Amino acid sequence: QKMLAAKAAKDAKKSANKKPNDDPNQPDFTKLDIRVGHIKKVWNHEAATKLYCEEIDIWEEVRNVASGLRANYSLEEMNDRRVLIVCNLKPAKMVGFESCGMVLAAKSADGETVELVTPPADAKIGEKVYIDGLSGEPWTASRVSNKKVFPAVAVNLKVNSDGQLTWNDELVQTSVGPCSVSTVRDAMVS
């Protein structure tokens, strides 16, 4: 009986660690976990002149994120702001600060203007953004990294001529409407 119990425990562990089969039809966008976040606290990175360090509330937890936006936003403009955050990226050390996510921003074609993509004001903190008609469960950070999912998505992640966030020309939205920017148009987002 001990052997049967040990085998059952081993099988259960193996099953828990097993990767789900890749669905070749799952759209890359749905492999990412992009959520509405709220910047609760922001400060200048002590060793990097281009980086901000942020504490971003995504409802069930607060994430530490580093963003290279100091040339584009003041501390006051960053603080208490709603943003979109990619949550299932592997943590990365940014000049000694562990960043556990990435905020999305649009960059004008000339590179002069960078603008944070924002959800509608009434969007719920922690809400996952979506595209109508696309489905699939977000992947783990390891799988997203190993399969280079974010670069594959970023190629077609853009702000359209109306200032709305799109992927493959489809609107990226929350339950209360699309995500957008104020000034940048026809721009890449990363």
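Predicted model: local features only at pLDDT ≥ 70, side-chain atom pairs only at ≥ 80, totals over all residues.
**Exercise 1.** Work out where Asp 28 and Lys 31 sit, and whether each one is buried, partly exposed or exposed.

*Solution.* First, check the contact: N to O comes out at 2.8 Å, so the pair passes the 4 Å cut-off and is a salt bridge. Next, the location: both residues belong to helix H2 (residues 28–31), and they are three residues apart, about one turn of the helix. Last, the accessibility. Lys 31 has 9% relative accessibility, which is under 20%, so Lys 31 is buried. Asp 28 has 25%, between the 20% and 50% limits, so Asp 28 is partly exposed.

**Exercise 2.** Take Arg 63 and find its salt-bridge partner, then classify both residues by accessibility.

*Solution.* The partner is Glu 61, with the closest N and O atoms 3.2 Å apart. Arg 63 has a relative accessible area of 14%, so it falls under the 20% limit and is buried. For Glu 61 the value is 34%, so that residue is partly exposed.

**Exercise 3.** Decide whether Asp 33 and Arg 35 are buried or exposed, and give their N to O distance.

*Solution.* Distance first: the closest N and O atoms lie 2.9 Å apart, and the two residues form a salt bridge. As for accessibility, Asp 33 and Arg 35 are both buried.

How values were computed:
Residues numbered from 1 in each chain as written. Heavy atoms only, no water. Salt bridge = Lys/Arg side-chain N within 4 Å of Asp/Glu carboxyl O. Helix = DSSP H or I, 4+ residues; strand = E, 2+ residues; numbered from the N terminus. Buried < 20%, exposed > 50% of the residue type's maximum accessible area, 1.4 Å probe, protein only.
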